[in-house]
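Subject: Structure handover and notes

Dear colleague,

I am passing on the structure below, together with my notes on what was found in it. Please keep the sequence and the structure open while you read.

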Amino acid sequence: MRATVIHGAGDVRVEDVPDPVLRQPTDAVVRVLRACICGSDLWPYQSMKPSPEGQRIGHEFLGVVEDIGADVAGFTCGDLVVAPFVWSDGTCEFCRAGLQTSCRHGGPWAADGVDGGQGEAVRVPQAGGTLVKLPTGADPALLPSLMTLSDVFPTGHHAAVKAGVSPRTSVTVIGDGAVGLCAVLAARRLGAEQIILMGRHKDRTDLGREFGATEVVAERGTEGVERVRELTAGDGTHAVLECVGYREAIETGLGVVRDGGVVSRVGAPQYGELPLGFGTFLRNITLTGGVAPARAYIEGLLPDVLEGRLQPGRVFDRTTDLRGVPDGYRAMANRQAIKVLIEP
Ligand SMILES: [Zn+2]
């Protein structure tokens, strides 16, 4: 089959790889109908050292079950399924607590002999715990929004949940990428009435307004903090959803959060330390967030997507087949695309 392999910074190729087969009775094989490129795929794309053998890549996919191991319950061949961005057994104490990202028997895609999502098919370890059956035929119109259940929508939702967003909270979302836009959608879904979106790409923030942002702040740094404070009678917002991961973004978050408020970060941190000194201490700021256990949220978010009330799939602004994946990486790295959908 064909699959995406990264050989170093800026070097993504589509190659022939072995067809996936069942190796363990807990495996399934899924034929991929949709996959996508994640903002976090851009880190190796920008920094990976050259590698002759390369490494598979991609951790978001949706498809049809093609083969099932003897120990996988609850699925039949032909089921439409979505996979969260890590695999997990669904039975250990972390999984039962809704923290599948810490599963004792789980792991990441595209590492240690596990397939990546950006290919024609995937061997799914711990398939019974990992996959979520989608109660629908493969209606092409719904697939982009269903695809976001793999990562970006649950990740934005996780930011809002950890921040305790409710109808009584005002919210700032930092970042107008796919996760930031999904965080706006999630905050609105949880009832927030004031949602300030900080981002400077107009096409993206326009979509953010359609997703529920009430104000947009394009300024960054000190100016951006001042602008948010002007919009909140000087106090800042109860909740800040930090969806970028750079130090400047978390500093902005601490600048725009109201005293006693919560900064919830789902942007994977590209910094080593945080400015959490005496000044922050005096303000009783809570810092929370982390990697999203997407698997814990998929069933809860599914009805709004299936019934068309929410359309997180609108974050995809480009679609390609497998051959176009290298161009898709380029487009996302150059900020010409928010998020690229792959139809293998
Ligand atoms: Zn587990």
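The notes below go through the sheet, the cores, some helices and a few single residues.

This is a predicted model, in which local features need pLDDT of at least 70 and side-chain atom pairs count only at pLDDT 80 or more, whereas totals for chains, interfaces and linings use all residues. Residues are numbered from 1 along each chain as its sequence is written, and side-chain values use heavy atoms, with hydrogens and water left out.

I begin with the sheet. Helices (H or I, at least four residues) and strands (E, at least two) are DSSP runs numbered from the N terminus, and two strands are said to pair if DSSP finds at least two bridges between them. Six strands form an open sheet with parallel pairing, in the order β13-β12-β11-β14-β15-β16, and its edge strands, β13 (215-217) and β16 (286-289), each pair on one side only. From one strand to the next the twist averages 20°, where angles run from 0 to 180 degrees between N-to-C directions and axes are lines fitted to C-alpha atoms, for helices over the stretch in contact. Within this sheet, β11 (residues 170-174) and β12 (residues 194-198) pair in the parallel sense over five bridges, and T172 has I196 of β12 as its bridge partner. Helix α8 (residues 221-231) packs on the sheet and touches β11, β12, β13 and β15 (257-265), with its direction at about 165° to that of β12; contact here means heavy atoms within 4.5 Å.

Next come the cores. A residue is buried under 20% relative accessible area, exposed over 50% and partly exposed in between (1.4 Å probe, protein chains only), and a nonpolar core is a set of buried Ala, Val, Leu, Ile, Met, Phe, Trp, Tyr and Cys residues joined through side-chain atoms within 4.5 Å. The largest nonpolar core has 50 residues, and those with the most contacts inside it are L146, F153, V165, V171, V173 and L241. Helix α6 (residues 178-189) gives the largest share of this core, nine residues. A second, separate core has 33 residues, including V12, F61, V81 and A83. Leaving out residues up to four places away in sequence, L241 touches a set of residues that includes A159, V165, V171, V173 and A187.

Helix α5 (residues 152-162) is mostly covered, with nine of its 11 residues buried, and these buried residues pack against α6, β14 (237-242), β15 and α11. With α11 (residues 294-306), helix α5 packs at an angle of about 105°, the axes being 9 Å apart. The two helices α5 and α11 are therefore roughly perpendicular to each other, a term that covers angles of 65 to 115 degrees. F153, P154, H157, H158 and V161 of α5 make this contact with A294, Y297, L301 and V305 of α11. After α5 comes G164, whose phi is positive, near 70°.

In another part of the chain, four bridges join β3 (residues 28-36) to β9, and these strands run antiparallel; V29 stands opposite R123 in β9. From β9 (residues 121-124), A121 and R123 point one way and V122 and V124 the other, and all are buried.

P326 lies in helix α12 (residues 325-333) and counts as buried because its relative accessibility is 16%. Although P326 and G10 are 316 residues apart in sequence, their C-alpha atoms are 8.6 Å apart in space. Neighbours within four places in sequence aside, P326 is in contact with V12, V14 and Y45. Just after α12, R335 takes a positive phi of about 60°.

Two loop residues may deserve a look in the viewer. A110, in the loop between β8 (107-108) and β9, has a positive phi of about 60° although it is not a glycine, and at 9% relative accessibility A110 counts as buried. A233, in the loop between α8 and β14, is likewise a residue other than glycine with a positive phi, near 55°, but A233 counts as exposed at 73% relative accessibility.

With best wishes

Conventions: Angles under 35 degrees count as roughly parallel, over 145 as roughly antiparallel, 65 to 115 as roughly perpendicular and the rest as oblique.
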